[in-house]
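Welcome! Take a moment to look over the sequence and the 3D structure, and then let us walk through some of the details together.

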Amino acid sequence: MLTVVLTSGLAILASGLAVLPVSSPARADGTDPSWATCAQYTVPVTLAGDATTYHVVGRLCTRGDQLRGAKTVQLLVSGLTYDHNYWNPAYQPTTYSWVYAETSAGYSTFDIDRLGVGLSDHPPAAELTVQNEALEVEQIIQALRAGTVGGIRFTTVVGVGHSLGAGILQYEAGTVTGAGNTPDYLVLADFLTALNTPGITSVNASLYPAAQDAKFASAGLPAGYLTTQPGTRGGDFYYSAGADTAMISLDESTKQTSSAAETTAFSAARTGAVTHGIHVPILLAVGQYDLLDCNAAAGLSCANATAVLNRESGNFGAQACLRAFVLPNSGHDTDLHVGAASLFNAVSNWLDNYTINYAQHKDANGCIPSTVS
């Protein structure tokens, strides 16, 4: 477990690196919820085979709810070409912001920019492998448990991932060992085991070098960083009948980068050895018309939760306590569709049942009664 030493009032990691509040450029995301206490922090991390200390920037919003936010934090990990804005967009945050919804339900959130996106450091593109990003997440989980982020020793960490972020969390939870090094619960959104090949082909065709994009041409990014070509995100990540064009426009303006190395997550995190290595409850969430994960004609139905569980149950062990949620009229970016509130409510209810309502009724595998989960 990560050790902490207090020196001159600063929380210092065993490596001698402090997790500190930081100032930053203006953020594009939504206003902090008035009911939460929010501050920005940097978490120092290292990668395999690289002695460099990199810095992950995140915004911690805490609630004093003794049953929820005082002890439980949701670690929010974004998908390919997304940063913290995915979880807390500037447009109608009371409708689209996970941070607003989950803090209003009493939970604390830590909304990070993964390495390689947003305000966090940008290592060489080849280093952004699923193994290194899982290592990055492991160190952040350790810091949250140790109290070096915001001074709260969270006893429960919920890994919440979108797309690539879900893959990173899935890989981390299925491969890392040691008490306290993995999340206690997982919400894996927009990342099912079998992929829709035409959708993947479409997204891959949308990627091009970030240096060729006006948004990143002068950013001085290392070689190998990619982004999406202008005007492609709506078709790739949204179901038009359930989306607001203003949100898609905002998405285009706040898009981020990726690398070829990151795409290794899409296969490495889906192996049976990884998925069967997960020993904590999982809630899968997906949009009904997710281009990357769903195609009823190809046998990849996302019609409802039962259809998703029929696809996925054999890929996980009994301790995953697998449950599913399908957001109707949604594409790949479930949070950013007009019906997102029902997803947010489903997540907080699922967590309430596990951590409060039925916490004393778990079976030998750590699952609560299926009739309520």
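## A loop with two buried residues

Asparagine 88 sits in the loop that connects strand E6 (72-77) with helix H1 (93-96). Keep in mind as you explore that this is a predicted model. Is asparagine 88 buried or exposed? Its relative accessibility is 2%, and buried means under 20%, so asparagine 88 counts as buried. Its side chain has a partner too: a polar contact of 2.7 Å links the side chains of asparagine 88 and serine 97.

Threonine 81 is also found in the loop between E6 and H1. Although threonine 81 is not a glycine, its phi is positive, at about 65°. With a relative accessibility of 1%, threonine 81 counts as buried.

## A strand covered on both faces

Now turn to strand E13, which spans residues 282-287. How many of its residues are buried? The answer is six of six, so E13 is mostly covered by the cut-off of under 20% relative accessible area.

In a regular strand, side chains alternate between the two faces of the sheet. In E13, one side carries Ile282, Leu284 and Val286, while Leu283, Ala285 and Gly287 are on the other, and all of these are buried.

## The neighbours of E13

Which strands pair with E13? One is strand E9 (residues 185-189), which pairs with E13 in the parallel sense over four bridges. Within this pairing, alanine 189 has alanine 285 of E13 as its bridge partner.

Another is strand E14 (residues 323-327), which runs parallel to E13 and is joined to it by five bridges. Together with helix H10 (residues 305-312), strands E13 and E14 make a right-handed β-α-β unit.

On the way from H10 to E14, the loop between them holds cysteine 321. The phi of cysteine 321 is near 45°, a positive value in a residue other than glycine. Cysteine 321 is buried, with a relative accessible area of 5%.

## Enclosed spaces

What lines the largest cavity? Its lining has 11 residues, and those nearest its centre are Asn85, Pro89, Leu250, Asp251 and Thr254. By type, the lining consists of eight nonpolar residues, two polar ones and one charged one.

Methods
Residues numbered from 1 in each chain as written. Predicted model: local features only at pLDDT ≥ 70, side-chain atom pairs only at ≥ 80, totals over all residues. Heavy atoms only, no water. Buried < 20%, exposed > 50% of the residue type's maximum accessible area, 1.4 Å probe, protein only. Pairing = 2+ DSSP bridges. Right-handed = clockwise from strand over helix to strand, strands pointing away. 1 Å grid on protein atoms, 1.4 Å probe; cavity = no way out; pocket = protein on both sides within 12 Å on 5 of 7 lines; lining within 4 Å. Nonpolar A, V, L, I, M, F, W, Y, C, P; charged D, E, K, R; others polar. Polar contact = N/O pair within 3.5 Å; in protein donor to acceptor, adjacent residues only side chain to side chain.
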